[in-house]
Amino acid sequence: MFGLNTLAKVAGELRRDIAAVHDRDPAARGAGSLEIIATWPGVHALLSHRVAHALDEVGIPIVPRVIANLSRTITGIEIHPSATIGAGFFIDHGMGVVIGETAEIGNDVTLYQGVTLGGTGFATGKRHPTVEDNVTIGSGANLLGPIVIGHGAKIGANSVVIHDVPPNSTVVGNPGHPVRVEGRRPEGPDADWIHLPDPIADAIKGLAGRLEALEKAVADLGAAAGVETNAPLGQVRPLRAVRGPNPAGG
Ligand SMILES: CC(C)(COP(=O)(O)OP(=O)(O)OC[C@H]1O[C@@H](n2cnc3c(N)ncnc32)[C@H](O)[C@@H]1OP(=O)(O)O)[C@@H](O)C(=O)NCCC(=O)NCCS
């Protein structure tokens, strides 16, 4: 039942959440705990969620949703009362964060503004991500479906992640793909997500090369016959020069 034990639990979690702000927000240097409680929207949203979740867990109807909705109105951070969130959670800035009903978040996780831990459709049951301990999720990242984000992973800003993420890896891009696993670039034939082959561009490049050769041959024939042509030769501009080392290591 909701009582002193629940309040003590929420107070303990709040203490650790405020310590997380001190640890992980460079802007909190010199700010006291009271200042953080009064002015950090991520802390407001989290505190509201802790209360809403505790009420939701003991089966109190409507009130948890009302608290979540009020918190969303004030902070711009939407957390479903049923989402489970571990200790030391920190949402920096916060506006636009959405955390769905069946999301599970471990300890010491950091989220920036605009992160979505969402579902992928109208399915019921477990449909939101599970985020393990010590994960950092950059601003604007969308993590969709009942995927698992392994402990210690970093998700780059604006990534779209729809597959499980290995522990201690860095995942970036859309679709999100690992660019570091345990501090090393992933290797192997399927690991180079940045320099993917483009068969259509290759075919166009081949045709353009043949066209250029033909134009040159025609121009040479014309010149031999005393006919001048000023038509420019066909050219293909490379789409994008490949820069940096190949992450596939090959
Ligand atoms: C992903 C992130 C955590 C960096 O993690 P990291 O493990 O230190 O990774 P690195 O910086 O070594 O980058 C690894 C590779 O991913 C690329 N990368 C990093 N962040 C990226 C992003 N958001 N989108 C696309 N590529 C990204 C890097 O260019 C690098 O590419 P390379 O393999 O060709 O060298 C960081 O870039 C990020 O996005 N942080 C979020 C910060 C944020 O949201 N701030 C908001 C403050 S208000």
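Strand E12 (residues 154-155) pairs with strand E14 in the parallel sense over two bridges; strands count as paired if DSSP finds at least two bridges between them. Within this pairing, Lys154 has Thr170 of E14 as its bridge partner. The structure is a predicted model, in which local features need pLDDT of at least 70, side-chain atom pairs count only at pLDDT 80 or more, and totals for chains, interfaces and linings use all residues. Residues are numbered from 1 along each chain as its sequence is written.

**Overall composition**

- The protein chain holds five helices and 15 strands; helices (H or I, at least four residues) and strands (E, at least two) are DSSP runs, numbered from the N terminus.
- Of the 250 residues in the protein chain, 29% are buried. A residue is buried if 20 or more other C-beta atoms lie within 10 Å of its own, exposed if 12 or fewer, and partly exposed in between, with C-beta atoms placed from the backbone.
- Among contacts between residues at least 6 apart in sequence, 35% join residues at least 24 apart; a contact requires C-beta atoms, placed from the backbone, within 7 Å of each other.

- E14 (residues 169-172) and E15 (residues 177-181) run antiparallel and are joined by four bridges.
- Val171 lies opposite Pro178 of E15, and Val172 lies opposite His177 of E15.
- Four residues separate the two strands of this hairpin, where Gly173 adopts a positive phi near 90°.
- E14 is covered on both faces, with Ser169 and Val171 buried on one side and Thr170 and Val172 buried on the other.

**Ligand shell**

- The ligand is surrounded by 16 residues, of which Gly138, Ser139, Gly156, Thr170 and Val172 are the closest; a residue is near a molecule or strand if its C-beta atom, placed from the backbone, lies within 6 Å of it.
- At least two residues of this shell come from each of E14 and E15.
- The shell comprises five nonpolar, nine polar and two charged residues. Here Ala, Val, Leu, Ile, Met, Phe, Trp, Tyr, Cys and Pro count as nonpolar, Asp, Glu, Lys and Arg as charged, and the others, Gly among them, as polar.

**Open parallel sheet**

- An open sheet of four strands has the order E2-E5-E8-E11, with parallel pairing.
- Strands E2 (84-85) and E11 (148-149) stand at the edges with a single partner strand each, so one side of each has no neighbour in the sheet.
- Strand E8 (residues 130-131) is joined to E11 by two bridges in the parallel sense, and Val131 has Ile149 of E11 as its bridge partner.

**Helix H1**

- H1 (residues 4-24) has 21 residues and reaches 30 Å from its first C-alpha to its last, close to the expected 30 Å, which is 1.5 Å times one less than its number of residues.
- Glu13, Asp17, Ile18, Ala20 and Val21 are the buried residues of H1. They cover an arc of only 150° around the axis, which puts them on the same side of H1; the arc is that of the directions from the helix axis to the C-beta atoms.
- The cover over these buried residues includes helix H2 (33-39), helix H3 (41-57) and strand E3 (90-91).
- Leu4, Asn5, Ala8, Ala11, Gly12 and Asp23 are exposed on the other side of H1.

Terms used: Contact = placed C-beta atoms within 7 Å.
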